[in-house]
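Please keep the sequence and the structure in view while reading.

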Amino acid sequence: MSVADKVSSVVQRWTQDHAGLWRVMPADAQRDEFRACLRELHTRAGRPSVDAIKAVTDTAGFTVGRSTIAAALSVNGSGGLKWPTVEAVLVGLRSLARAKLDPWETEASEWRPRFDAAFGTERSRSGRPKTDDVAFVLGPLPMEAAHYQPRRELAGRIHESKATTCVLSGLGGVGKTQLTARYARDRAAKGDLVVWVDASSVEAIESRLADAGAEYADADPARPAQAADRFLAWLAGTPQPWLIVLDALPDVGVLGRRRPPADVATGRTLITTRRRDTALLGGNGAFVDIREFPPGHAEDYLRDALRAHLADDVTGVAADLGFLPLALGQAAAFMNDLKVPCSGYRQRFADRRKRLPELLPGTSALPDGYQQTVAVTWSLSIEAADREPPVGLARPLLRLSAVLDPGGIPDQVFYSDAARNWLGYERTHDHGDLPAGLDPDTVHDGLQRLHLFNLASYEAGLVRVHNLVQRAVQDQCPVAELGEVAWAAADALLAAWLAAGGSPERVERLRANTRVLAGGHIDDLWLVHGPHPVLIGYGMNLGQAGQVRAAISHFERLTEIAEQRLGREHDSTRGLRGQLGAWQTHAGDMSSIDLLLQVVAEKTRDHGRDHPNTLYTRHNLAMAYLQAGAYEQALSEMEQVLVARRRIRMYGPDHPLTLTTWHNYALIQGESGDATGAASEFATIVAETVRVLGSKHHDTLSAQHEHARWLNMSGDHTTAKAVYESVVTARLDLLGPANPDTLLSQEGLAFALKGLGDEEAAKVILDEVRAHQARVLDADNPDLLMSLIYEAIERLDAGDPDALDDLVLRFENLVRAVGGGHRHVLTTAQDVAFYREQAGERDLNPMIVLIEGLLKVLPADDPLREYYGRILDDRQDGTPPEGRAVRKAYGE
């Protein structure tokens, strides 16, 4: 007889005579039969070695010796057998089985009653064990998942909680049931009564409690309602320690009045559920939020679960699946069955055309006894949430969330008029009898409903939806409708951007959400006249936040799409090319001047020299000239733009763009050497900007910053310090400590303090500024590189000779980042020449320093290498380079 037949016969006899298992067999025969079943199971599992079983049981936390395991499986084994040994063997065989075993064949709850009967456990009339070291479990405990990862921090919270009712709440698939089953096994091993209840329905709860009433409280099993009530009453008075588990409770209404007593010192109730309703807690309860694996746990699980040659990128797969335990288990089974390595699985997962069912095993091949994939698990929750008030809103809210950032969506996105209009339309599309309009309170209730169902987390003004839930929601949405969802999300984001004010946290969150939307749906966000405005605003905000390289990459992508969709000559395409050139200039790419000149020529040809679109690009061209150190061209171009904007009716002298142009005209004036004139000009600009825009406007603070800067440069350190302090205070409040503008003002304040002789205070500020810059700015950002160069110069001035090597290295990094024609490079070349001469080098000229820096970064096949090398050879021969060569070396 096979072990399956034997176990089946055992189960049949156990069912027929629940209280007196195997009474028809003598005690010795019961023991022999039990050992024979254990050996048969060992054979069906492929006869793994004792050493292999022990390795698995050690990892699982058992302390069973090798000889004990060998004796349990030996054909000559006789006499006593302890339950921990049996449980350890079952866990080892389940993990090592070479052929598929039915889930119940290794389930401890199936074997434990037979063990108790076979090895002589006597029971009192109530059915409780007479000896303290024997445990009993009523109801089948879920099979422990293969490669189970102990979650000690969560288990500790459950063990240490003083609440008699503990509600384990979390998204479907986070491992609530597995964690609870491990806790139940620990309690059973201590001799406590454990009753495991399938809480999916009123009938299931009553049936299990009625079984317990018949077993422990002498209740009549033919009257299940009374038997269940009698068992609950028995729990309130028994000294026997007990644990009742209500697994997979769909809502508190299913539990009804069948709640275990909450005021019994020896008893405890654990509830696993996807809900967060306060009513679940009862009289003395506490929530334990169960979330995804920590990254390390997720990676360890995949390493254990996957065949070694498939585990080439467990870190990437764990992150893609959001560290969700159930998804990790099902994905591992998929990869093992189809022999797909992690790298190949990630490629499939990144293909948005593939739906989740195509990335998971079929229902018949799901591991660990599960009957549903993660996608089906969530779809049932979504349907349930959609049926509860506000009816029909859960699904539209999740659709809108599905195209945004899983790390957190500011709730103001959902409360915007744009979002409420779209949500109302979607809701009435499926529920025509509901009103189309949505007020903020209804949206709030809808978000809270998602929170209560653990389909989302809504806390501290942020809505978080797991990335796999997002994927499942997108799978259920037709492709054409998904494009409409993306456009609605873009409208809502744009409204939130406009309402965000200067809050740095909100702006960063909106930036992250726009990045996710653009990354997955940028092709959906276009009309015949160009991209959605949120895409342009996002790119500009990236650059303003110091992420200049990201801004360039974004506008390169937009320009490429615009050329394909609209053509190179379309106004939107030209505008995007102009934005691209402006940010390339900011990054020090002087080739952007040619791009901007071309765009200006095209716009002038089609619209005229003073058309608003032309003026915008001419303004950017003037700033590019400034970055290149071409001050004369920059001042001339900016002055012409300023005159035009003051004259044109749609602008006029008080228009914000006119004030910005005036601001940059004064900036160029200062950079070209007239610090006193720039300070005076900015004093007037500040007064006008305050009048037009107010004292806290971004443009006002920018003008005040430049006023302080040129006061400092002209020698008025006292006034500069006072202005800087005002600007720093305002920018810290509006933008936060890590914003590039805040950092620039703090750096300026430090230089004012240095001018007043307060070196110590200046150093404290500069150290903090540079630490922030290193975190928030691109590694090749000119502002960051110049800050590091200033730091080396400060050390040189303080007498640190080692700082010269750092200065030279940082100068070379600057040349590598922005090229030889950037004004910062030209200025720094003079500094390097000066300090190298101070160190003993003679007749060193800045142009030579620049050439040396260029030769360090130019490719080996660049024709300029030969040209620059000849200049250096001339210098060594004592022949001064001719002026023309000098100008070319400087990029003029």
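Which backbone oxygen does the side chain of Thr-428 reach? In this predicted model, the side chain of Thr-428 reaches the backbone oxygen of Tyr-425, at 3.0 Å.

**Thr-428**
- Thr-428 lies in helix H19, which covers residues 417-430.
- Thr-428 counts as buried because its relative accessibility is 19%, and buried means under 20%.

**Nonpolar cores**
- The largest nonpolar core has 116 residues.
- Within this core, the residues that touch the most other members are Leu-302, Leu-321, Met-335, Tyr-345, Trp-378 and Leu-517.
- Helix H22, formed by residues 479-499, gives the most to this core, contributing ten residues.
- When residues up to four places away in sequence are not counted, Leu-517 touches Val-403, Leu-404, Ala-486, Ala-489, Ala-490, Leu-493, Ile-522 and Leu-525.

**An open sheet**
- Three strands, in the order E7-E9-E8, form an open sheet with antiparallel pairing.
- Strand E7 (409-410) and strand E8 (457-459) are the edge strands, and each of them pairs on one side only.
- Strand E9 comprises residues 462-464 and pairs with E8 in the antiparallel sense over three bridges.
- Glu-459 has Leu-462, in E9, as its bridge partner.

Note on methods: Residues are numbered from 1 along each chain as its sequence is written. This is a predicted model: local features need pLDDT of at least 70, side-chain atom pairs count only at pLDDT 80 or more; totals for chains, interfaces and linings use all residues. Side-chain values use heavy atoms; hydrogens and water are left out. A nonpolar core is a set of buried Ala, Val, Leu, Ile, Met, Phe, Trp, Tyr and Cys residues joined through side-chain atoms within 4.5 Å. Buried means under 20% relative accessible area, exposed over 50%, partly exposed in between (1.4 Å probe, protein chains only). Helices (H or I, at least four residues) and strands (E, at least two) are DSSP runs, numbered from the N terminus. Contact means heavy atoms within 4.5 Å. A polar contact is a pair of N or O atoms within 3.5 Å; within protein, one must be able to donate a hydrogen and the other to accept it, and residues adjacent in sequence count only if both atoms are side-chain atoms. Two strands pair if DSSP finds at least two bridges between them.
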